[in-house]
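Open the model in your viewer and keep the selection tool at hand.

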Amino acid sequence: MTQTPLLEVRNLSVSFNTEEGVVEAVAGLDLEIAAGEVLAIVGESGSGKSATALTLMGLWRDPNVRISGSARFEGADLVTAGDDELRRIRGERLAMIFQDPMSSLNPVHRVGDQIVEQIRAHREIAAAEARRRAVELLGAVGIPDAATRADSYPHEFSGGMRQRAMIAMALSLEPSLLIADEPTTALDVTIQAQIVDLLRELNRSRGLSIVLITHDIGLVAEIADRVAVMYAGRVVEQGALDEVFYDPQHPYTWGLLGSLTRIDRPRPKRLPQIPGAPPSLLAPPTGCHFRPRCPHEFGRCLETPALESRQSKAPGHLDRCWLRVEEKRRRRQTEREIALDATGEAS
Amino acid sequence: MQSPMLRFVARRLASMALVLFAVSLLVFLIFNVLPGGDPAVRMAGKVPTETQVEAIREEWGFDEPLYVQYATTMRKLLTGDMVSYFTQLNVTEEILKGAPRTFALAIGAAIVWMAFAIALGLFSAVRAGALSDRLLTALALIGISMPVFWLGILLSHYLGSEAGIFPHGGYVEFLDSPTQWFWHLVLPWFTLAILFIGVYSRILRSNVIETMGEDYVRTARAKGLSERQVLLRHVLRNSLIPIITLWGLDFGAVIGGAAILTELVFSLQGVGQYAADAIGQFDLPAVIGVTMYGAFFIVVFNALVDIAYAALDPRIRLEGKPRT
């Protein structure tokens, strides 16, 4: 990547105080996203995905939260930017949609007004003009009869329509980057597909960059250009979609991909799962965070592996695992064969 | 199609009439079963003869069956002909004389307590946990705990008689002198408002803190609104809904005579004071009169609160059925 990335996160750490102690939610995170790219951040609950998103949006600034590192975005640093500078970036250049569209819209204001409010917070334009724009946006995200529906209240919208309205709102000032935090998790499966289609369409037609935060691997496969897998506050693997999906380098990623059911493969009796639970971030394990759950652990895992490329052929494919690449491929193959032996077909 | 508003009003009016009827019946019955409630004996003087008492009974209709007496009382109440047993003054006229004073007290106090409660509650919530918040919490508790008559007497004595800043009680008609009217009401307004400020600011504080954790407030911040816009348009707007409800109900109660103590301390001669006198004298017509007056306003404000609630929160409808 020769051009400067749109967003470049370097060594981002986020920790916050709780009654039990300091929780390190994000530890030394490095990410970058190019213009027009869809980057998926994948991980289970508590892996630090949402903390990363909220930190980038500056929505996690609190005396209890300590943030370090940098996040360069269009000439500003989202970590050190003043509240006022951040406010101007937020909603204008950098927008976010949330997991639960049911509660993310204010129930007492009309949907159209909530979009108008955002437009007028950043641009000095007349109310009528802003409203025309809001209606246009609602139409663009696929809300039928947008002029009328702009006057509806959120409770008069279905879940899918609310998420569409959230997307319309996020797009209202044509941001260059959209952070979508589990945008489909709270929706019905059919609606999920529609929202994914909409996001993909926006990415293609408007060149909108998207950071998609999700635990839904299927969703990632559909839309992402690149994938970052997070585990216990760290990115453990990062690379192009195909690299990560077809040649996963980190045992955690194998596990994550192995826990998918696939219609093109024999159906296992039991869905494979990663044994154990993610570590407490109050006292994360030394070295590799995945070590306690990893069947391939060996002595060196007590040192923290850096996130770097370990294969000359794929310089953009980074991971945090000490195992040698050939060794990983061999073990992955063995694991898959064991899993296949346990399928219904084999018995 | 009938408008839902009309149907609501019609239904509310019907239930209002029912409530008022029930209240009047209850008051009437309670008075007639209370020991020492026989008005004829009390009206006849200190050492009445049997004939005197009988004569009064006949003259005032106390010998009639209860339901006839009730009907007569109600008819007089509705036509405004009810007369006090003891002062012989017309009850309706007396209430109407006191009502503007009570209204002036209630409206002013309600504005004062709401304004202070919003300011203090919001400030407290934004500074939750800080020293200023704790200080306000302590002050609110003191405000809630102070007896109205004690506070009223204190204010009236120190700021009124001693310092001479405010007049020492009494009421001046607005039309006679608006400034004097205002000056005479400042202390009563604050005296009555202090308790409400304490309660309301506490409730608002917790509402605001709760609302600040809502997802839509996070959305508002993500939109790039200024903190002030977030606070006023999203946090306060939504936090005020339950407070407005309470406000309407308390306002109705204060209009209805719940400010007796404040009226007494500052000699405002309002409806509350009239009610207190009526009860002290066992004066049935006056008691029924003020009770019905009070009940009327409480019921009316209940209905207004429901309407306001529906206007403030679009999810709520005046009709019981869910929106389609």
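**Stop 1: Leu304(B)**

Select Leu304(B), which sits in helix 13 (residues 284-312) of chain B. Helices here are DSSP runs of H or I with at least four residues, strands are runs of E with at least two, and both are numbered from the N terminus. The model is a predicted one: local features need pLDDT of at least 70, side-chain atom pairs count only at pLDDT 80 or more, and totals for chains, interfaces and linings use all residues. Residues are numbered from 1 along each chain as its sequence is written, while chains are lettered from A and ligands numbered from 1 in the order in which they are written.

Leu304(B) counts as partly exposed because 15 other C-beta atoms lie within 10 Å. The cut-offs are 20 or more other C-beta atoms within 10 Å of a residue's own for buried, 12 or fewer for exposed, and anything in between for partly exposed, with C-beta atoms placed from the backbone.

**Stop 2: chain B as a whole**

Show chain B as a cartoon. Chain B has 13 helices and zero strands. The C-alpha trace of chain B spans about 85 × 65 × 40 Å along its principal axes. Of the 324 residues in chain B, 34% are buried. Among contacts in chain B with a separation of 6 or more, 72% are between residues 24 or more positions apart. Two residues are in contact if their C-beta atoms, placed from the backbone, lie within 7 Å.

**Stop 3: two helices of chain B**

Two packed helices are described by the angle between their axes and the distance between the axes. Select helix 6 (residues 131-145) and helix 8 (residues 178-212) of chain B, whose axes come within 7 Å and cross at roughly 135°. Helix 6 of chain B is therefore oblique to helix 8 of chain B. Axes are lines fitted to C-alpha atoms, for helices over the stretch in contact, and angles run from 0 to 180 degrees between N-to-C directions. Angles under 35 degrees count as roughly parallel, over 145 as roughly antiparallel, 65 to 115 as roughly perpendicular, and the rest as oblique.

Which residues of helix 6 and helix 8 of chain B make the contact? From helix 6 of chain B, pick Ala140(B), Leu141(B), Gly143(B) and Ile144(B). From helix 8 of chain B, pick Ile194(B), Leu195(B), Ile197(B), Gly198(B), Val199(B), Ser201(B) and Arg202(B). By class, this contact of helix 6 with helix 8 of chain B has seven nonpolar, three polar and one charged residues. Ala, Val, Leu, Ile, Met, Phe, Trp, Tyr, Cys and Pro count as nonpolar, Asp, Glu, Lys and Arg as charged, and the others, Gly among them, as polar.

**Stop 4: two loop residues with positive phi**

Most residues other than glycine have a negative phi. Go to Ser267(B), in the loop between helix 11 (260-265) and helix 12 (271-280) of chain B. Phi of Ser267(B) is positive, near 40°. Ser267(B) is partly exposed, with 15 other C-beta atoms within 10 Å.

Switch to chain A and select Glu174(A), in the loop between helix 7 (159-171) and strand 7 (177-181). Phi of Glu174(A) is near 50°, again a positive value. Is Glu174(A) buried or exposed? Glu174(A) is exposed, because 10 other C-beta atoms lie within 10 Å.

**Stop 5: His109(A)**

His109(A) is in the loop between helix 3 and helix 4 of chain A. His109(A) counts as buried because it has 20 C-beta neighbours inside 10 Å.

**Stop 6: the domains of chain A**

Colour domain 1 (7-224) and domain 2 (231-341) of chain A separately. Domain bounds come from an automatic or database domain assignment. The C-alpha centres of domain 1 and domain 2 of chain A lie 29 Å apart. Their contact takes 19 residues from domain 1 and 15 residues from domain 2 of chain A. On the domain 1 side, strand 2 (22-33) and helix 9 (217-223) of chain A each give two or more residues. Strand 2 of chain A has the largest share of that side, nine residues.

**Stop 7: where chain A meets chain B**

Finally, show both chains: 23 residues of chain A are in contact with 19 residues of chain B. On the chain A side, helix 2 (83-89), helix 3 (101-104) and helix 4 (111-122) each supply at least two residues. Helix 4 of chain A gives the largest share of that side, four residues. By class, the side of chain A that touches chain B has 10 nonpolar, seven polar and six charged residues.
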